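Thanks for asking me to look this one over with you. Here are my notes, point by point, for someone meeting the structure for the first time.

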Amino acid sequence: MAVCARLCGVGPARGCRRRGAAREQRRGGGGDSEPDTDTDPEEAGGGGGASAEDDELTERIECARPAPHPAEVGPNGRAPMSLLELPPELLVQIFGSLPGTDLPSLARVCTTFRRILRTDTIWRRRCREEYGVCENLRKLEITGVSCRDVYAKRINPRVKSGRFMKILPDYEHMEYRDVYTCLLHRYRHILGLWQPDIGPYGGLLNVVVDGLFIIGWMYLPPHDPHVDDPMRFKPLFRIHLMERKSATVECMYGHKGPHNGHIQIVKKDEFSTKCNQTDHHRMSGGRQEEFRTWLREEWGRTLEDIFHEHMQELILMKFIYTSQYDNCLTYRRIYLPPSSPDDLIKPGLFKGTYGSHGLEIVMLSFHGRKAKGTKITGDPNIPAGQQTVEIDLAHPLQLPDIENLRDFSELSRIVLEVQEQVRREEQEEQQRGEDEDGSQQAASSPAAQPQGGEGAEGEETAAGAERAAQDKAPASQPFVLPMGVISRNEDYPRTCRICFYGTGLIAGHGFTSPERTPGVFVLFDDDRFGFIWLELKSFSLYSRIKVSFQNAEAPSREAFDEMLKNIQSLAT
């Protein structure tokens, strides 16, 4: 900091002071570039005096400065000696290109820098480039907010006792600097994808910067069984500046508009929300009216339209369970799966059919010779966080012709043969591992190197087998579900690319007696796949969620694997 200050002509080094005094004398007046000592709390940062080593370094740097190029010489016959001699509009451009977190430290250099950093254009650029804010504060008083927020924010002027109740923030006197420091930077850690802790049901929350608000959108699957329909979403909370330097948290749950809420960042990758006015969640008609409204929003139908008694019980159970979490929720961060050029398809989030439980959200990720489907939303049988399907990419299946495919026993015979083959291979691999451990107990690191090579070779062999199967198989082949296999959606694709052996997780109510059973993974195209559960004689169809989520990429492969492990352990 001291070196930077002296290079700008405002530091404590004697040479800098003499040159600064000479420049001011030549200009015929005193400058206003004394070191700034009156710093706002928002601009707290590094500081401290200069050391002797810094003084010597500065003198060496300035003495070794080459002569300026003729084109760089200013109107007064010399090149600028410091940043302070540059035009203010150029300094605005320079400062606007710096990260917002560096600007408070820059403001402590001198009063000139601090005055320039009060220019709202600088902070508007930082809001736009770092957080995507593009609204104009001065126009929002006239145009309102973004179109999608009309539904979410429920901004309707209300009149009470003849007085206008102000529910729009005071944009007229607000500055982008306040938006950046008191809203965006303060709550930057909650941006991204999160999974709420709602027992076995889970969920998908996306916290984004939307206009001059930070909004938590809960994403919901489309109504069963329309798996190809777009996702639905509703706001759970919003954060904005109602007054300068004061962020307001509001709960959006219920049907009475936004009301007072609270957000607490518990620890890294975890935060919680709390509603301080739960009476806004209640309806005048009591629990019956609340249930009917929830049923229309969640399922798009009434209870009379659902004839299956077991399905009615599951729906009522979910309503009772989730209603307990309408005032306080904890969220844990989740990442989108990393992708690789060797992946069968692009990994990501999919919505799939799960019988009487309706549509659920599943994350498809690839792990060498395996592909895994992890539940982001769940049910009382298989809760959120559990691995619902696992695909063995080293064992593709060759389906019979279309007539024999209709015979369930024929498909079952093919799958069970592959299952037995996989079981033998696992036993042989386990036996080889035990033999190697017994013969190499005192193995040194050079002797251990071939084991790593064999593992890498195994992954390459699996990837090679997968590519060979795709090359051997036709571009598309006819597909039909065998007789007796139940599907919630009869509008499934009638052609597929390739099939693989896989296993699916089934369990009793309350995740009792879980076991993995054989099945068939069917790849239809880049955005749809299916899974045939042999033991249940059921078919699940999955369709990609086509939403661009921001701040959701995993920092590393290890971080993603750790996240999967954590949500699975919490579910267990």
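1. **Confidence first.** Please keep in mind that this is a predicted model. The protein chain averages a pLDDT of 78, and 72% of the residues score at least 70. Over residues 28-66 the pLDDT stays under 50, and the model has 62 contacts beyond four places in sequence for them. Residues 138-168 also stay under 50, with 55 such contacts in the model.

2. **The overall make-up.** The protein chain holds 16 helices and 21 strands. Of its 572 residues, 44% are buried. Taking contacts between residues at least 6 apart in sequence, 62% join residues that are at least 24 apart.

3. **Helix α4 and its cover.** In helix α4 (residues 88-96), the buried residues are L91, V92, F95 and G96. They cover an arc of only 130° around the axis, so they sit on the same side of α4. What lies over the buried residues of α4? The cover includes α5 (103-107), α6 (111-116) and α7 (120-131).

4. **The barrel.** Eight strands form a closed barrel, in the order β3-β4-β5-β6-β7-β8-β9-β10, with antiparallel pairing. From one strand to the next, the twist averages 35°. Strand β3 (residues 192-196) pairs with strand β10 (residues 328-333) in the antiparallel sense, over three bridges. To find this pairing in the viewer, look for P196, whose bridge partner in β10 is Y331.

5. **A cis peptide bond.** Between β5 (213-220) and β6 (232-243) there is a loop that contains P225. The peptide bond from D224 to P225 is cis, with omega near 5°.

6. **Helix α12.** Does the length of this helix agree with its residue count, or disagree? At 1.5 Å a residue, the 15 residues of α12 (residues 309-323) should span 21 Å, and the end C-alpha atoms are 21 Å apart, so the two agree. The buried residues of α12 are M311, L314, I315, F319, T322 and S323. Seen down the axis, they fall within an arc of 155°, which means that they line one face of the helix. These buried residues pack against α11 (286-299).

7. **Strand β14 and its two partners.** Nine of the 11 residues of strand β14 (residues 387-397) are buried, so β14 is largely enclosed by the rest of the structure. Strand β13 (residues 370-375) pairs with β14 in the antiparallel sense over five bridges, and T374 stands opposite Q387 in β14. Strand β18 (residues 498-508) runs antiparallel to β14 and is joined to it by six bridges. There, D392 has Y501 of β18 as its bridge partner.

8. K346 lies in the loop between β10 and β11 (348-353). Is K346 buried or exposed? Its relative accessibility is 60%, so K346 counts as exposed; the cut-off for exposed is over 50%. K346 and D527 are 181 residues apart in sequence, while their C-alpha atoms are 8.4 Å apart in space.

9. **Two positive phi values.** K537 is in the loop between β20 (528-533) and β21 (538-544), and its phi is near 50°. At 38% relative accessibility, K537 counts as partly exposed. N551 is in the loop between β21 and α16 (557-571), with a positive phi of about 55° although it is not a glycine. N551 has a relative accessibility of 52%, so it counts as exposed.

Key:
Residues numbered from 1 in each chain as written. Predicted model: local features only at pLDDT ≥ 70, side-chain atom pairs only at ≥ 80, totals over all residues. Heavy atoms only, no water. Helix = DSSP H or I, 4+ residues; strand = E, 2+ residues; numbered from the N terminus. Expected span 1.5 Å × (residues − 1). Buried < 20%, exposed > 50% of the residue type's maximum accessible area, 1.4 Å probe, protein only. Arc of directions from axis to C-beta. Contact = heavy atoms within 4.5 Å. pLDDT = per-residue confidence, 0-100. Pairing = 2+ DSSP bridges. Axes fitted to C-alpha atoms, helices over the stretch in contact; angles between N-to-C directions.
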